[in-house]
Amino acid sequence: MEQLFSGYMIYSLSFLLIFIALATILHLQFSIGGIVNFGIVGFWGLGMYAFALLNLKLNIPFVPAVLLASALTGIVSMALGRIILNLDDQAVLVGTLAFATIIEYLATTEKWLTNGVMGFGTIKFPFDLGANTLFVYFLVVLVFLILLMFYVSKIKTSPYGRLLLSIKDNEILSQSLGKPTFRHKIIFFTVTCSLIGFFGAMTAPLYNYIFPRMIGPGITFTIWIALMLGGRKKLLGGFIGILATIGLFDYVIETVVPIPTQYAEMVPNVKFALYGLTLMLVLMFRPLGILGDKKREVKG
Amino acid sequence: MREKVLHLRNVIKRFGGRTVVDIKDITFGTHGIEGLIGPNGAGKTTLIGLISRKVSMDQGQILYYQDKNEMDISKKSLDELSRMGLVRTNQIIQDFESLSIRDSLLLSLANSKHEKFYNIFNEKELRKNTEKEIEKYLDYFNFEDPDGHALSAGEKKLLDIIRCMVLKPKFLLMDEPTAGLPHDQTDKVIELMKKKTKEEGMAILIVEHDLDLIWTVSENVYFMSEGEILIKGTPDEIRKNKTVINKYMGESEC
């Protein structure tokens, strides 16, 4: 049990916080804004790479580099949004998925900048408090996650949230009530994607060293599965879902459960198979996730 | 007579080779409530669609008058039109499935100042400022559960009309507003329409198959057939007109 309280636990928990943040932003984008973002990892990776490059290659200090990386992710997502956000859901899905693939490829092919598949580092924490550095950084991430959750919970009962729901439900009707829906969607997409970029930048020091394989589509799928599992319509859906997927497998099973070495390498593969199975069961018996109601709402 | 609100000049819409709407010169809004009637396929819904920018025009000009300013609305988007005061109710039932009846009205009453991603603490202020207005409508129409969803088709239709009314439009297009509404609610809607046109200067154009409604509420009626507006006049003139009787009501005078 000792290792539960070791630095490794704080390290794993920090990652959990980051992924809970991503799942919460996805909940905001999908269940309130109606945007099917299948490229979360792209925005996250862009924020992470942009931050690392600014911080290491241009020697920009931590805080301004994080802000610049988030802003850059925002600008890129705004450009992407202008192209895809007036199309239908499937197009948005494919567009964002393609975007994430482009980011992954660019990170691989632009060797002069990113050192290709080898990756680059070392990204340092913004402060050095000796043995407590990681723990304090964990607390910083936690504070940002709590702020994010508070924001999302507030949005739900605000005029802005109502506007987003109206666009999700019936965009033309919302337009006919005088709402410039396309502009609102672009602004919303820009803001939420720069938030993803922000958490991407915050992830970089935890990884220390970054390379393209980290930003593969698996992360997008895991976060989607987590959100569907936890309850896509609930604020805590992402939280519960991430605990039940990444929390359970990457942390509890890999660190706590004593798995014989000869089976250890099977874990990641079994993990994805189990994610899939769990998702199927959830969709069959609890379509709205663990926190959602048992059945789909009956439409009036 | 009032000032005109809309002026259509040489408006033409073709689908394939067929001309569906062909209007030489017509003005709307010079009376409080105006009616548009005509047989099926006359082009009424297309005309409404042209005015509300749901259908694109092939040719012509639609001018909108606001505070003595003349504006060509053929390049305006749906939401711009709505903010300018040109609003339409829907013929086919439309609703927001995530919003309760009250939420729907709050949405309608919120303006762009309320709806900013960085402003999430203004719910109370909006509710306070709009409470009277919303309660007035909810009481008037006796919704069963204003904090629930509009359930029946009638409630949804009614909600659609109220959502438009609270926008305080200058010109309201109503496409079959009372189809599917219970009688007592129809009477209330009519009373509301009369009140709005008298007290707030709203102009309303109704498209309706229910001719009794047209004869009782309209001050001016347009008769449309085969894409053209053939005749306009008071309800009495229209119902006695030979062409209207021949083309629309059949020989049996009704």
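Which residues of H6(A) are buried? The legends below start there, and every view comes from a predicted model.

**View 1. Helix H6 of chain A and its buried residues.** Let's begin with the answer: the buried residues of H6(A) are A:Tyr137, A:Phe138, A:Val141, A:Val152 and A:Ile155. What lies over them? The cover of these buried residues includes three helices of chain A, namely H1 (7–32), H7 (159–169) and H9 (181–207). A handy idea to keep in mind here is that an α-helix has 3.6 residues a turn, so residues three or four places apart point the same way.

**View 2. Helix H6 of chain A from end to end.** Helix H6 of chain A runs over residues 133–155, which makes 23 residues.

**View 3. Chain B as a whole.** Count along chain B and you will find nine helices and 10 strands. Its radius of gyration is 19 Å, close to the 18 Å that the globule rule gives for 254 residues, so chain B is as compact as a globular protein of that length. Along the principal axes, the C-alpha atoms of chain B fill a box of roughly 60 × 40 × 35 Å. Of the 254 residues in chain B, 41% are buried. Now take the contacts in chain B with a separation of 6 or more: 69% of them join residues 24 or more positions apart.

**View 4. The two domains of chain B.** Domain 1 of chain B is made of residues 6–94 + 161–249, while domain 2 covers 96–149. Their C-alpha centres lie 28 Å apart. Where the domains of chain B touch, six residues of domain 1 are in contact with eight residues of domain 2. On the domain 1 side, helix H5 (153–165) and helix H6 (183–199) of chain B each supply at least two residues. That side of domain 1 divides into three nonpolar, one polar and two charged residues.

**View 5. Where chain B touches chain A.** How many residues of chain B are in contact with chain A? There are 30, and they meet 26 residues of chain A. On the chain B side, at least two residues each come from helix H2 (78–84), strand S6 (86–89), helix H3 (101–109) and helix H4 (123–141). Sorted by kind, the residues of chain B on this side are 13 nonpolar, eight polar and nine charged.

Key. Residues numbered from 1 in each chain as written. Chains lettered and ligands numbered in written order. Predicted model: local features only at pLDDT ≥ 70, side-chain atom pairs only at ≥ 80, totals over all residues. Helix = DSSP H or I, 4+ residues; strand = E, 2+ residues; numbered from the N terminus. Expected span 1.5 Å × (residues − 1). Buried ≥ 20, exposed ≤ 12 C-beta atoms within 10 Å, placed from the backbone. Contact = placed C-beta atoms within 7 Å. Domains from an automatic or database assignment. Nonpolar A, V, L, I, M, F, W, Y, C, P; charged D, E, K, R; others polar. Rg over C-alpha atoms; globule rule 2.2 N^0.38 Å.
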